[in-house]
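Have a look at the sequence and the 3D structure first.

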Amino acid sequence: MRKYWMTFRLGVTGALHYRGNLVAGFATYAMFILVFFCLWRNMYAQSDMPEMTLTQMIWYLCITEIIAFGANPRATGGVVQDVKNGNIAYQLLRPYNYVGYKYAESMGPVAVNTLLFAAAGSILGFCIVGPITGFRPWTLLPGVLSMILGTSLLFFIQMAIGLTAFFIEDPSGIGLVVGKAISMLGTFLPIEFLPAGIRQVVQNLPFSYVTWAPARLMVGFEGGLFFRCLCLQAGYLAAFIGLCALLMRRGRRAIQANGG
Amino acid sequence: MKHKLRLAGMYFRFNLASILEYRASFFLSAATMFFNNATFLFFWGVLFDRMGGSIGGYDFRDLMFIWAASSAAFGLSNIVFGNLTNINETVVRGELDTYLLQPRNVLLSLLMSRMSFSAWGDLAYGVVLICLSGQGFRGILAFLLAMVTGGVVLSSTICILQSTVFFLGDASFLANMSTNLAVNFTTYPEGIFPKAVRFLLYWLIPAQFIVHVPLRIARGIHAPVWVAAQLLAAAFFAGFAMWFFHRGLKKYESGNMLVTRL
């Protein structure tokens, strides 16, 4: 475990060095939230929405965008590069599990960026709409647990897509489709706002459990919903870890290494 | 002017031939960008359905118009001026010397030195969407006007933001934001923004002249006045971008870097 912890710490140190990109990220994040605020304020002025108050909605979007900006491991690209340029053969010789190493390496920057974006998002949320009426601070804990599971689920989904590079030339198309599914089924819009038929399907798919579940639990905690989300997140996480292990095992057989 | 147009034509032909060498990558990039844009219709479809067909004074057909115009303007801009978003990086790395040594317009050579693969997907999406939106003859003309003049305004805005590198030393912050800043406001109904923001959208981030003014022309609201305003705005922003770039260029210091362009 120690080597993975060291890899995680190296990732944290690296993330703290690239502050210029973070400033641009904060500014873009703030711009997105302000545009969403203008949109939803206009819509709430036009019509009642029983699912959430405007304050809950803005906080919901602040949280989902924290995950989209700060907690996105973006694991697919690195794995595809490793497979395409043959670097993976070199990495497999090292005394660690490749997927575990990549997880530890990604989670360092994810932890730093999530904390920084959470600070920026909290300031923005308080300035725009203030606190949520009746909010109980302890409900942040299950929300954070759900966020950790959601981010890990996102990593293993991206890793599984990346590992398909062993079998197909360019999996970026699959990555784009899955990325869009995550954005459209929970990030930009809570699934409660989707038409009933689509919602029934969506709430059983893994995509909504990346951003919707943690944000929904933080802005309006319900014990039953927490239990359901936790079970589904853990179940999907186990399924994607298994899929990654299977793809790695099959992929190893496809590697041809020539010494020299 | 004739020489510049000839040079632009040659750059375009050369870049097109270059990307067609990688046909599979080209079609994949264009198709994924097309799909990426198309998913946003789902988001807006759900919202419009929920709101009874109107948000911020726009109906779904208006929204299709601004998405079509925005995608096509962005696509055309990045097809013709594919290197637009790399000005900051080129200057920071000291690679501008290569362009300065050529006996042709520096800005034109810099902007047209590459063509974006995925921008063809944006352009195709814009054209398909405008065909599906059921616009009349005036709507199609307004779309074409938006595509060309909106593309000029969009390119000029990004060029100005990227050219701040000459004054700031490294404008990565503004450069990274430039495309989002220029495009983000063009894909939402104008009516959702407060008046102060709308004023900024005319002059600071000119999203109005990329999609919202062309929509007014498509709707037939004081069309001749807005056509004139649109053309003047495109000329103004293009002129300002060229002046700003050349003003900044005087501050450029060579890094004596040897670069080969093949």
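Below are some questions and answers about this structure.

Q: How do you know which parts of the model may be described, given that it is predicted?
A: This is a predicted model, where local features need pLDDT of at least 70, side-chain atom pairs count only at pLDDT 80 or more, and totals for chains, interfaces and linings use all residues. As for names, residues are numbered from 1 along each chain as its sequence is written, while chains are lettered from A and ligands numbered from 1 in the order in which they are written.

Q: What makes up the confidence picture for chain B?
A: pLDDT is the predictor's confidence in each residue, from 0 to 100. For chain B the mean is 87, and 97% of its residues reach 70 or more. The model as a whole scores ipTM 0.82 and pTM 0.86.

Q: What makes up the secondary structure of chain A, and what makes up that of chain B?
A: Helices (H or I, at least four residues) and strands (E, at least two) are DSSP runs, numbered from the N terminus. By that rule chain A has eleven helices and zero strands, and chain B comes to 13 helices and zero strands.

Q: Why is chain A called as compact as a globular protein of its length?
A: The radius of gyration is taken over C-alpha atoms, and the globule rule is 2.2 Å times the number of residues to the power 0.38. For 260 residues that rule gives 18 Å, and chain A has 19 Å, which is close, so chain A is as compact as a globular protein of that length. Its C-alpha trace spans about 70 × 45 × 30 Å along the principal axes.

Q: How do you know whether the radius of gyration of chain B agrees or disagrees with that of a compact globule?
A: A compact globule with 262 residues would have a radius of gyration near 18 Å; chain B has 19 Å, so the two agree. Along the principal axes, the C-alpha atoms of chain B fill a box of roughly 60 × 45 × 35 Å.

Q: What does B:Ala30 touch, not counting residues up to four places away in sequence?
A: Two residues are in contact if their C-beta atoms, placed from the backbone, lie within 7 Å. On that count B:Ala30 touches B:Phe117, B:Ser118, B:Trp120, B:Gly121 and B:Ala124. B:Trp120 and B:Gly121 are also among the buried residues of α7(B). The buried residues of α7(B) pack against α2, α3 (60–80) and α8 of chain B.

Q: How do you know how the reach of helix α13 of chain B compares with what is expected?
A: The expected span of a helix is 1.5 Å times one less than its number of residues. Helix α13 (residues 223–249) has 27 residues and reaches 39 Å from its first C-alpha to its last, close to the 39 Å expected. Its buried residues include B:Trp226, B:Phe237 and B:Phe245. Those buried residues of α13(B) pack against α6 (106–111), α8 (137–163) and α12 (212–219) of chain B.

Q: What makes a nonpolar core, and which residues touch the most other members in the largest one?
A: A nonpolar core is a set of buried Ala, Val, Leu, Ile, Met, Phe, Trp, Tyr and Cys residues joined through C-beta atoms within 7 Å. The largest has 72 residues, and B:Ala68, B:Ala69, B:Ala73, B:Phe143, B:Ala146, B:Val153 and B:Ile210 touch the most other members. A second, separate core of 61 residues includes A:Phe117 and A:Trp212.

Q: What makes up the contact between chain A and chain B?
A: It takes 21 residues from chain B and 24 residues from chain A. On the side of chain B that touches chain A, α2(B) gives the most, with nine residues.

Note on methods
A residue is buried if 20 or more other C-beta atoms lie within 10 Å of its own, exposed if 12 or fewer, and partly exposed in between; C-beta atoms are placed from the backbone.
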